[in-house]
Amino acid sequence: MDGLLLDTEDIYTLCNNIILRECGRPNLPWNIKAQLQGRPGPEAGEIFHAWAQLPIPRAEYMRKNAELQRQHFPSAQPLPGVPELLATLSARGVHLALATSSHAANFKLKVGHLQALFGHFPEEQRVLGDDPRIPPGRGKPAPDIYLLALETINQQLRKQGKREVDREECLVFEDSVPGVEAGRRAGMRVVWCPHPELLKEYHGREKAVLAGIASAEGGSQVREVMEEAAVGGEGEGRGWPGRRDDGWAELLRSLEAFPYARYGIGDA
C-alpha cells in the first residue's frame, strides 16, 4: 500500500529526516530505506536504529515520529494510475485483497479520507501488519501475508459455493524489494512498481529483485546494518523464490495505462 497505492513512503522519509536533522544525523539514504520498505514496523525499526545510532532514547524517537505521522498521514494521496486501476479491476470482476505491513492505527490515519478508493477492498479482505493471524517474525519478505490475503478471498468464495483461487492465479502488486520477495515466495506472479529513487538504488540488479533474491545481494553497509538489527537472516524460514527471467515478475515504472490484456484481465 505505502509507496504503491499511496504517496506515504515520501511521508515516512519526511518524518524520519526531520528527526535525523534534529539529532545532527544525515538524511536517510535509499540503500537503508530500501530495507525498511514493506517490512512490519518493529523489524523496520530495528534496521533504522541500527543505522541511525540516534543520541536520543528510542521511546523519544517513537513519540516524535508518531506525532509527525499524525500530522502528515492524513494528507496522503493516491499515486498516479491507482484510482483507475482499482476501479477497472473491480469492474472486471477481479477479486481484490489488501496486504499491507501498516498497523491498524497508521492505516486509519492514511486512508480515513480515502474511503471511496479503499472501498474496492472488502473489509474482510484486508490484511494489516498487526493481524494476529500472521505469526511473529513472519512479515515480508516471508510469504505469509500474501497467503493469508488469498485465504480471505477463498473464504468468501467457499461461502458462495464458487471455485477457489490458486496461488498461481494471483497477481501481487508491490513497490518494495522485501514485498516482491514475499510475493515470489508465495508462488504468485508479481508486478514491481518501485519509487524512482529505489529503482536507481537497484540499477543493474532489477532481475534479482524480480526473482525475489535481491535481499541476499546487498552491499556491505546493508549487510552490516541487517546483521546488527538481527533481521533478514535464515531464521525467517525462507521459501522458494523465483529465478531470473522466469517470466513471473515484471517491472513497471507506473500503474498508469496498466496492460490488463497481458495478464488475462479482459472486459467485464
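**Reading a predicted model, feature by feature**

Tutor: Pro141 is found in the loop between β2 (126-127) and α8. Helices and strands here are DSSP runs numbered from the N terminus (helices: H or I, at least four residues; strands: E, at least two). The peptide bond that leads from Lys140 into Pro141 is cis, and its omega is near 15°.

Student: What kind of model is this?

Tutor: It is a predicted model, in which local features need pLDDT of at least 70 and side-chain atom pairs count only at pLDDT 80 or more, while totals for chains, interfaces and linings use all residues. Residues are numbered from 1 along each chain as its sequence is written, and side-chain values use heavy atoms, with hydrogens and water left out.

Student: What is the mean pLDDT of the protein?

Tutor: pLDDT is the predictor's confidence in each residue, from 0 to 100. The mean for this protein is 91, and 91% of its residues reach 70 or more.

Student: Where does pLDDT stay under 50?

Tutor: Where pLDDT is low, the predicted coordinates should not be read in detail. Here that applies to residues 232-238, where pLDDT stays under 50. For this stretch the model has 14 contacts (heavy atoms within 4.5 Å) beyond four places in sequence.

Student: Which residues touch the most other members of the largest nonpolar core?

Tutor: A nonpolar core is a set of buried Ala, Val, Leu, Ile, Met, Phe, Trp, Tyr and Cys residues joined through side-chain atoms within 4.5 Å. Buried means under 20% relative accessible area, exposed over 50%, partly exposed in between (1.4 Å probe, protein chains only). The largest core has 30 residues, and those that touch the most other members are Tyr146, Val177, Met188, Trp192, Leu198, Tyr202 and Val209. At least two residues of this core come from each of α2 (30-36), α8 (144-159), α9 (177-185), β4 (189-192), α10 (196-201) and α11 (206-211). With seven residues, α8 gives the most.

Student: Which residues does Leu198 touch?

Tutor: Leaving aside residues up to four places away in sequence, Leu198 touches Trp30, Ala34, Gln37, Asp175, Ser176, Val177 and Trp192. There is also a second, separate core of 26 residues, among them Leu85, Phe107, Phe121 and Leu255.

Student: How many aromatic pairs are there?

Tutor: Rings of Phe, Tyr and Trp (its six-membered ring) pair if their centres lie within 6.5 Å; planes under 30 degrees apart are stacked, over 60 edge-to-face and the rest tilted. By this rule the count comes to eight. Phe107 and Phe118 have ring centres 6.0 Å apart and planes at 85°, so their pair is edge-to-face. Phe107 belongs to helix α6 (residues 104-111) and Phe118 to helix α7 (residues 115-118), so the pair ties together parts that are eleven residues apart in sequence. Both Phe107 and Phe118 are buried.

Student: Is the pair of Phe258 and Tyr263 stacked or edge-to-face?

Tutor: Phe258 and Tyr263 are stacked, at 5.5 Å centre to centre with 15° between the planes. Phe258 is buried, with a relative accessible area of 5%, and Tyr263 counts as buried at 14%. Ring pairs link Phe173, Phe258, Tyr260 and Tyr263 into a cluster.

Student: What is the phi of Gln53, and where is Gln53 placed?

Tutor: Phi of Gln53 is near 50°, which is positive in a residue other than glycine. Gln53 is in the loop between α3 (41-52) and α4 (58-72). Its 47% relative accessibility makes Gln53 partly exposed. Ala257 also has a positive phi, near 50°, in the segment after β5 (249-251). At 80% relative accessibility, Ala257 is exposed.
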